[in-house]
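Visitor: I have a model open and would like to go through it with someone. Can we start with the aromatic residues?

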Amino acid sequence: RVSNSYVQQHDLIMSLQCELSGEMLATSSDEAVVTPSGHICLKRLLLTKLTENGGMDPFHEDRPLTEDQLISLSTSSKSTIVPPRPNQTTSMPGLLNAMQSEYDALVLELFDTRKALEETRRELSQALYQNDAAMRVVARMAMERDQARQQLQEWNANGGAAAAAATTTTDEGHSNKKRKMEATSNGDGSSAATLPLTNDIPEEDLSSMIAVWETLHKGRKASQKEAAASAPKPDELSQYKLAESEAWHPTTCKGITAMASCGDQLVTTGKDKSVFVYDTSSKKVVVSVHSESKAATCVDMNESLIAAGLSNGKIQVWKADSGDSLGVVETESTGPAVSINLHPDGQHILATLSTGQVSILRISDNTVQAVSTFKGTEEIQYSSGCLHPDGLIYLTGNAQGEIQLWDLKSKTMAGSLKDAETANDGAVVSVQVSNNGYHIAAAYNSGNVRVWDLRKQKCIATLNQDKALATVTCVAFDPAGKYLALSGKGGATIITVKEWDKTTASLTGGAIASGIAWGPSLIASYSTNGRKVGFFR
């Protein structure tokens, strides 16, 4: 039988555990001690720890602790056996003692590791908190930066911004001054044609553009209201169907390459070098001309002029009433022109060239002359372009999916429209600015169409994500800025502005519509694979 006193003693022994190593303690020896702070430990481990940390309590590092303060927990026992204390490690007891020492060191290292882990956890928590606070500060700074940019854009739009510093080099500056002097006189007092200036515009040309900008900017709201009064309502537009198809290009024409509208008239260019002006009210061709050397790749017209960009980079201009040619101008590019726009002042033409230049031409005394060429510091290919309705901002889309904003007044690149989502969209194949002055629509190679806000320089909507049109090759706002037309493989889609997720009308029923143009009471579309133009009413 086991006596009750032995059981009680055994329970007491089993109830003690070292808080440093976690091993069970026997109170029959002098090894079990308790610290003044109430922690039970093996005496030898605790003394070793005190030696390492300079006599500080390992459980309360701000309190000193000495051996005299330790309280022994040993119980009186007559049968206490004193273990041998051999000195030689060659004996079994010596080996056990060495193993015990190594074990003690390991236990102490584990204790230190646990404390270091706890300290690291606290430092990590503090670092994460500081990182979160830093991210909040960065987000607030980014928001303030965007607000400042918006205010700057609004200030520039109101004509209050000072001209930016010129970005051309000193050599280019001297060259431009020399060209201006040559443009004024050729030595005998007569005017002389010179090479175009680089990233600069002659003062007389810029003054003409600014004068028109002031008039258009002030009267924008009135003109928008007048155009909106005659624009079709959404329910009327949804009823538009193909009313007729007309073919005024000859049968030798293998496709229409470009189209533009001006009032009741449409101008189209074909792969056979033909250029026609078609009057939609009389349903007759009123002007028929041919481009020199190469076919036209882009075209524009107003009441008095027709301008076409050719596939070899040349620009040709005709009179709109008689078809008389005003001349062909060679540019710095041998690649095709991708966009051409007649300036609202009626005296200038702006053409986007695929090799990365914007050429500005002046029309004076029935002659055409290149006066300026704008190009960036990096070689890049342009894929599209358009002129702001007010005439002082020119937009170019490039093969990297970026839209560059050229400020003609300050003669610099004012900014660009691109974000992380456009990185995989490919080239900008078509771009246009609404007559409201701030909505920009851009079609990309991926088939996506993004709508940007010029005031915020931010994408506000992404269209055709469901690929209702397999590709989009042309975007066009109506004159009132109420609707946006998308055309491409699959037909054409009309979307109401600010209701970007709704399709107002679908046209052509799955056919290919390479381009689209708005008329007073109709929509016209064409295909680069055919010679017919479809009219929707």
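Visitor: Is F59 buried, partly exposed or exposed?
Guide: This is a predicted model. In it, F59 counts as partly exposed, because its relative accessibility is 22% and the cut-off for buried is under 20%.

Visitor: How many aromatic pairs are there in the structure?
Guide: There are six aromatic pairs. One of them joins F59 and F111 edge-to-face, with 6.0 Å centre to centre and 70° between the planes.

Visitor: Where do F59 and F111 sit in the chain?
Guide: F59 lies in the loop between β3 (56–57) and β4 (60–64), and F111 lies in helix α3. They are 52 residues apart, so the pair links distant parts of the chain. F111 is buried, with a relative accessible area of 10%.

Visitor: And how are W248 and Y278 arranged, stacked or edge-to-face?
Guide: W248 and Y278 are stacked, at 4.0 Å centre to centre and 15° between the planes. W248 is in the loop between β7 (242–246) and β8 (256–262), while Y278 is in strand β10 (residues 274–279), 30 residues apart.

Visitor: Why does W248 count as buried?
Guide: Because its relative accessibility is 11%, under the 20% cut-off. Y278 is buried too, with a relative accessible area of 3%. Ring pairs also bring in F535, which forms a cluster with W248 and Y278.

Visitor: Switching to the core. Which residues touch the most other members of the largest nonpolar core?
Guide: C18, L20, L25, L45 and L46, out of 18 residues in that core. The elements giving two or more residues to it are β1 (32–34), β2 (40–42), α2 (43–52) and α3 (92–157).

Visitor: What is C18 in contact with, leaving aside neighbours within four places in sequence?
Guide: With E23, L25, I40, C41, L42 and L45. A second, separate core has 17 residues, including L305, V329, L342 and I349.

Visitor: Now the sheet with β28. What is its strand order?
Guide: The order is β28-β29-β30-β31, an open sheet of four strands with antiparallel pairing. β28 (471–477) and β31 (503–507) are the edge strands, each pairing on one side only. From one strand to the next, the twist averages 20°.

Visitor: How many bridges are there between β28 and β29?
Guide: Six bridges, between β28 and strand β29 (residues 483–489). The bridge partner of F477 in β29 is L484.

Visitor: And the chain overall, how many helices and strands?
Guide: Seven helices and 34 strands. Of its 537 residues, 43% count as buried.

Methods
Residues numbered from 1 in each chain as written. Predicted model: local features only at pLDDT ≥ 70, side-chain atom pairs only at ≥ 80, totals over all residues. Heavy atoms only, no water. Pairing = 2+ DSSP bridges. Axes fitted to C-alpha atoms, helices over the stretch in contact; angles between N-to-C directions. Core = buried A, V, L, I, M, F, W, Y, C linked by side-chain atoms within 4.5 Å. Buried < 20%, exposed > 50% of the residue type's maximum accessible area, 1.4 Å probe, protein only. Contact = heavy atoms within 4.5 Å. Phe/Tyr/Trp six-rings, centres within 6.5 Å; stacked < 30°, edge-to-face > 60°.
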